[in-house]
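Please examine the sequence and the model shown below. The account after them is meant for a reader new to this structure.

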Amino acid sequence: MTDLSEAHLEAFLEMMSAERGAAVNTLQSYERDLKDALSFLRSRGTRLITATADDLRSYLSHLAGEGFKSSSQARRLSALRQFYKFLYAEGLRGDDPTGVLDAPKKGRALPKTLSIDDVSKLIGQADAEAKSGDDALSKLRMHALIELLYATGMRVSELVSLPASVLSQNGRFLVIRGKGNKERLVPLSQAAIRAMRAYGEALREKEDGADSPWLFPSYGKSGYLPRQVFARDLKGLAARAGIRVAAISPHVLRHAFASHLLANGADLRAVQELLGHSDISTTQIYTHVLDERLHELVQNHHPLAKQAKKQD
């Protein structure tokens, strides 16, 4: 039987040009994608115009196996959807095999983070500058901000809006009011406590900052340090510490907090609580860290893995 797939493909492209006014680049993209599908199906003894949903699933699986990104797979599926809608509308097929196909799931981008060494450089730079004596309050403030952020994984909005009353707390825990006005308890490191107290003492000595209800007061509308100012100053600190400026932001430090905890054995549920995520699925962007740790755990501690290393 004659395969009219290419003829119908040409008719589809003519329709897209004449009736839909598709641009040349769009038409070329459709043609490339559909001819690729046609070629794959032919290699399996199937015609494009008679392909079933299972045939097209096999094609999409083939693309995934070849390393095509989910966005590229989705684009090709879109071209196939348009083509089979055309065949159905023209009475050339009685069904649309793409109607039951799910679009390829887009992978969630991994969060940017910093290495433990880079975080140590950043904190070390902030500590050294805080002891320099010049512009003492702003440098002590930056040191306190960095220590608190990395110790707790707070959102930057939670950090800059901390109340001044936290200075009167003597314990090693901090109560944070997060999204939805929900409160959570996070532990503080000794370094964060020392940095916060040193900053608090300098703040009390400054007359215009002593009466503010905020830990990090400013003259702005909100009354506390704008997050944009902190982000700008953080990049300046990173540059002085020899860290690539494009790699740093307050949110990156939050990600570093979570990633470093998981890499060193913390439970995902515990990290969820510390970050203030209401849904564990939000925290699961860090599962790549767990995957790496579990792989290393098996390689180092499973008896068969140990035996294989000895044989090598």
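This is a predicted model: local features need pLDDT of at least 70, side-chain atom pairs count only at pLDDT 80 or more; totals for chains, interfaces and linings use all residues.

Residues are numbered from 1 along each chain as its sequence is written, and side-chain values use heavy atoms, with hydrogens and water left out.

The protein contains 15 helices and two strands; helices (H or I, at least four residues) and strands (E, at least two) are DSSP runs, numbered from the N terminus. Of its 312 residues, 40% are buried, where buried means under 20% relative accessible area, exposed over 50%, and partly exposed in between (1.4 Å probe, protein chains only). Contact means heavy atoms within 4.5 Å. Among contacts between residues at least 6 apart in sequence, 60% join residues at least 24 apart.

In soluble globular proteins, nonpolar side chains tend to be buried together. A nonpolar core is here a set of buried Ala, Val, Leu, Ile, Met, Phe, Trp, Tyr and Cys residues joined through side-chain atoms within 4.5 Å. The largest such core has 53 residues, and those touching the most other members are Leu122, Leu148, Leu159, Phe216 and Phe230. Elements giving two or more residues to this core include α5 (116–130), α6 (136–152), β1 and α10 (227–240). Its largest share, eight residues, comes from α6. A second, separate core of 29 residues includes Met15, Ala37, Leu56 and Leu87.

How do the helices around α6 pack? The axes of α6 and α10 come within 11 Å and cross at roughly 95 degrees. Axes are lines fitted to C-alpha atoms, for helices over the stretch in contact, and angles run from 0 to 180 degrees between N-to-C directions. The two helices are therefore roughly perpendicular to each other; angles under 35 degrees count as roughly parallel, over 145 as roughly antiparallel, 65 to 115 as roughly perpendicular and the rest as oblique. Arg141, Met142, Leu145, Ile146 and Leu149 in α6 meet Phe230, Asp233, Leu234 and Leu237 in α10. Leaving aside residues up to four places away in sequence, Phe230 touches Met142, Leu145, Leu149, Val156, Leu159, Val160, Leu225 and Pro250.

Helix α6 also packs with α11, at an angle of about 40 degrees and with the axes 7 Å apart. This makes α6 oblique to α11. On the α6 side the contact involves Ile146, Leu149, Tyr150, Ala151 and Thr152, and on the α11 side Pro250, Leu253, Ala256, Phe257 and His260.

Strands β1 (residues 173–177) and β2 run antiparallel and are joined by five bridges; two strands pair if DSSP finds at least two bridges between them. They form a hairpin with five residues between them, and Gly180 in the turn has a positive phi of about 65 degrees. Arg177 stands opposite Glu183 in β2. In a regular strand the side chains alternate between the two faces of the sheet. In β2 (residues 183–187), Arg184 and Val186 form the covered face, and Glu183, Leu185 and Pro187 the uncovered one.

Two single residues complete the account. Asp118 lies in helix α5 and counts as partly exposed because its relative accessibility is 22%. The C-alpha atoms of Asp118 and Ile243, 125 residues apart along the chain, are separated by 6.9 Å. Leu275 lies in helix α12 and is buried, with a relative accessible area of 0%.
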